[in-house]
Amino acid sequence: MARQVITVGFCSSGVPMGCAMGLAPRRSSGSFRRVVNPRALGGQSQSLAGNPGQVHVPVMAEEVVRTLNVGPQGGVFVDGTVGSGGHARIILERSCPSGQLIGIDKDPEALARAKQNLSCFKERVVLQRGNYADLRQILNEAGFLEVKGILLDLGASYEQLTSATRGFSFRGCGPLDMRFDPDDPITAHQIVNFWSENELRDLFRSKAQEPFAGRIARAIVRARPIQTTSQLAELVSRAVPPRSSRIHPATRVFQALRMEVNQELSNIARGLEAATRCLEPGGRLCVITYHSLEDKLVKSMMRDKASLPSPFRVITRKPMTPSAEEVKRNPSARSAKLRVLERNPESDAWIRGH
Ligand SMILES: C[S@@+](CC[C@H](N)C(=O)[O-])C[C@H]1O[C@@H](n2cnc3c(N)ncnc32)[C@H](O)[C@@H]1O
């Protein structure tokens, strides 16, 4: 996959004055834009209208800056899933004048938006196309060994979910793609059209706990070739008994496909491992998940990392969740869970040997 580094530059005053970012204003301004972040259950919420002017709004932004100890004292931060730069912008604003941010994303379209949205921070920001699983290598190549804080905000962004061409959503008609990185080798189309019935059934069971996995797999194999997201969504709706839950019948199938296409669980495991090796003493890793499979993995990996003898401790014994006020503004944030791991401030020697 192509590596692409974009240095955005430096905001000389350190303050993003007159910076038209197109992102939601800070909460402290008292005027958060209407929140549109349709990412419940595998990133597929029920309201993907895709209205022009709507943008991805960062979830639990205040909790993120607080737990990452972002402040005027600065430091180097990594946003491993920078998207359009929502969290990144807030981190850069709060760490003025000297805080730096390395923003990583697999999606070149997301990086282009981030570049535009973060341009006023100039060389305080470096944007890098890549997989957060390769965090250590990416940081080393950018000239950093250890950083103060790392954020992983998992899943897909509003812009990805509502794009007609990306194929993430069962709402609307798009190609069966679902790749975060358009250069990745496997698309949802290949899985849907070429995997065996048993392989499909196992995928829907293991990645989405789909109760009708067998029926859906059989229906897919019989209906091939399947070309579009709406064809697949209709087929799944017909294959399962009439709606018994509030979620769209295709929600779990789309979740499973997206996770497989993007190898999401293995990236999370690799990314967490890499992140723990890049934290400076006292540095923190903050992970936001949106469904139980992701959260289980993050929880168990953080617990393992913090088991003695270890230079890490889990800050969040129970995950933090969005406030009632945030969920009211942004119902799709309701499934978010935030977990935080800290590297012991006195742990200097341990990590350097690894
Ligand atoms: C939920 S969005 C992040 C939104 C961002 N926090 C914001 O506030 O604008 C998740 C982003 O992670 C990216 N992504 C998913 N898996 C990735 C991976 N393994 N490596 C790098 N980026 C990834 C997606 O392309 C997407 O842009």
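## Before you start

Residues are counted from 1 along each chain, in the order its sequence is written. Because the model is predicted, local features need pLDDT of at least 70 and side-chain atom pairs count only at pLDDT 80 or more, while totals for chains, interfaces and linings use all residues.

## The overall picture

The protein chain has 15 helices and eight strands. Here helices (H or I, at least four residues) and strands (E, at least two) are DSSP runs, numbered from the N terminus. Of its 354 residues, 51% count as buried. A residue is buried if 20 or more other C-beta atoms lie within 10 Å of its own, exposed if 12 or fewer, and partly exposed in between, with C-beta atoms placed from the backbone.

Two residues are in contact if their C-beta atoms, placed from the backbone, lie within 7 Å. Among contacts between residues at least 6 apart in sequence, 74% join residues at least 24 apart.

## Around the ligand

There are 23 residues around the ligand, and those that come nearest are Pro 58, Thr 81, Gly 83, Gly 86 and Asp 153. A residue is near a molecule or strand if its C-beta atom, placed from the backbone, lies within 6 Å of it.

By class, this shell has seven nonpolar, 12 polar and four charged residues. Ala, Val, Leu, Ile, Met, Phe, Trp, Tyr, Cys and Pro count as nonpolar, Asp, Glu, Lys and Arg as charged, and the others, Gly among them, as polar. Helix α3 (86–94) and strand β3 (100–105) each supply at least two residues of the shell.

## Strands and their partners

Strands pair if DSSP finds at least two bridges between them. β3 and β4 run parallel and are joined by five bridges, with Ile 102 standing opposite Val 126 in β4. Strand β4 (residues 125–129) is mostly covered, with five of its five residues buried. Val 125, Leu 127 and Arg 129 are on one side, Val 126 and Gln 128 on the other, so both faces are covered.

Next look at β6 (279–289). Eight of its 11 residues are buried, so β6 is largely enclosed by the rest of the structure. It pairs with β5 in the parallel sense over six bridges, and Arg 284 in β6 is the bridge partner of Gly 149. β6 is also joined by six bridges to strand β8 (residues 337–343), and these two run antiparallel. There, Leu 285 has Leu 341 in β8 as its bridge partner.

## Two helices to explore

Helix α9 (residues 213–223) has Ala 213, Ile 216, Ala 217 and Ile 220 as its buried residues. Seen down the axis of α9, they fall within an arc of 100°, so they line one face of the helix; the arc is that of the directions from the helix axis to the C-beta atoms. Their cover includes α7 (188–194), α8 (197–208), α10 (229–239) and α11 (251–261).

Among the buried residues of α12 are Glu 264, Asn 267, Ile 268 and Leu 272. What covers the buried residues of this helix includes α5 (135–141), β5 (147–153) and α13 (292–306).

## Residues worth a visit

Two peptide bonds are cis. One runs from Cys 96 to Pro 97, with omega near 5°, and Pro 97 sits in the loop between α3 and β3. Another joins Arg 224 and Pro 225, where omega is about 0°; Pro 225 is in the loop between α9 and α10.

Met 60, although not a glycine, has a positive phi of about 50°. Met 60 lies in the loop between α1 (40–43) and α2 (61–67) and counts as buried, with 22 C-beta neighbours inside 10 Å. Lys 122, also not a glycine, has a positive phi near 45°. With 13 C-beta neighbours inside 10 Å, Lys 122 counts as partly exposed.

Finally, Ser 230 is in helix α10 and is in contact with Gly 172 and Cys 173, leaving aside neighbours within four places in sequence.
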